[in-house]
Amino acid sequence: MQSATGETGRLAELVLEHRPCVVLTGAGVSTESGIPDFRSASGIWAEFDPREYAMLGAFRRDPEKVWRFYAPRFAMLTAAEPNPAHLALAELERRGLVRAVVTQNIDPLHERAGSRDVIEVHGSIRTSTCLGCGQRYPLAEVIPLIEAHGAPPCPACGRILKPDVVFFDELLPEGAMERATALAQEAGLLLVVGSSLEVYPVADLPRSTLAAGGKVAVVNRTPTWVDDRAELVLRESAGETLGAVAAALREPPLEVVEYDPEWPRRYEAEADLVCAALGADVVHVEHMGSTAVPGLAAKPVIDISVGLRRVELAAERIAAMDQLGYEYLGENNLPGRLFFRKDDAGRRAYHVHAVEHDGGHWHRHRAFRDYLRAHPEEAVRYAAEKRRLAAQCETHEEYWARKQAYVDPLFERAWSWYGRG
Ligand code: NAD
């Protein structure tokens, strides 16, 4: 996780720690796209009485009047662009950090931002249906009808279409509330964004999460009923907050840079400090990894392999490494111990692998390095592959997996060459 300050950082931690994260959004997630919410002082219901415009009874009585309210709203909702809050939620879903978005909104902005699993519990303007013949029409066909007639007539039977948004006296779309409740119960974290939590049954979803043992966090400018029971409440802008959370959770860019002749010198200077910190148990130290092979493009992290007499490290050795600025990762799935130190920009700059001297790990790394040093044409091909993958892969995970597929046969060649040497 990259650094983030204060409460935004805490929210990012909650997203990571309590998976899966399910998001519940309301009108407040779209106000920064220029769409007014319902209950703020400047909201829609400050101007229009919902009993006259958002009731099925009112629509049946006077559809033209209801469309006088909806027609300009359709134009506004279709013209609006996703804001940083929508984009951040889509990014978090893409990266596997958000399971789904349950929205009370009828605008299509979550979908347009790239969110894939969106449960629209109050319907959407994406389609309109004829209450006479049952025919359903997509937004692209309804917009010209609105422009031509104000209240759009059904092209099949002429009756006025009804937008597929849920009016106050209507049932919620079949299955949507069941799915939303199941998601709320599964959620490790239910993140409420831009909702007053006053419209039921959706407003009860946080209760389902809490009852199932999950946590709730709220990003909303004004109080909600769940604030007292929430792990974290941020009275901030949805766009700024979620944008900062997504940025905090973003991986540092994949960095594969051209060989730098400074690398061996950096290794020498650092290895002296590391050997002094690790003391008498050090038998041998070597520069390993890609930064040790002239001509090889690499992630600019200097790998320092320290061969130890005994791998168990006394607490004072770990403390001495800490003094040098090294974080200790313990065994880290290696037959040894791993430390790393970051540079001023917060990127890992040095890895120290403390391994058994003359052990398998030690020899595998030497085999790889020495084979590439002795076969520059392999180093050139490997460098090209790294550059290609770094440009193509979206996540570090994908990069490592695809690089490993290239490295496995390369290592086999190195190992049999090393065995002969
Ligand atoms: P609401 O109007 O009751 O509450 C919106 C909440 O968002 C308020 O508490 C407000 O303080 C907060 N808020 C506003 N701007 C914010 C921002 N930039 N950052 C953080 N918080 C912000 O809306 P609701 O809870 O969604 O419930 C009302 C109904 O409104 C829903 O059923 C929904 O269908 C409908 N609605 C939808 C849209 C839309 O589709 N964009 C717009 C208006 C209303």
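The model is predicted, so local features need pLDDT of at least 70 and side-chain atom pairs count only at pLDDT 80 or more, while totals for chains, interfaces and linings use all residues. Residues are numbered from 1 along each chain as its sequence is written.

The protein is divided into domain 1 (6-249) and domain 2 (262-420), with bounds that come from an automatic or database domain assignment. The centres of the two domains, taken over C-alpha atoms, are 49 Å apart. Along the principal axes, the C-alpha atoms of the protein fill a box of roughly 90 × 45 × 30 Å.

Buried residues (20 or more other C-beta atoms within 10 Å of their own, with C-beta atoms placed from the backbone) make up 38% of the 421 residues. Contacts (C-beta atoms, placed from the backbone, within 7 Å) of Leu 190 beyond four places in sequence include Val 22, Leu 24, Leu 205 and Val 216.

Around the ligand are 29 residues, counted as near if the C-beta atom, placed from the backbone, lies within 6 Å of it. Gly 26, Gly 28, Asp 37, Asn 105 and Ser 196 come nearest. The shell divides into 8 nonpolar, 15 polar and 6 charged residues; here Ala, Val, Leu, Ile, Met, Phe, Trp, Tyr, Cys and Pro count as nonpolar, Asp, Glu, Lys and Arg as charged, and the others, Gly among them, as polar.

How values were computed: Two residues are in contact if their C-beta atoms, placed from the backbone, lie within 7 Å. A residue is buried if 20 or more other C-beta atoms lie within 10 Å of its own, exposed if 12 or fewer, and partly exposed in between; C-beta atoms are placed from the backbone.
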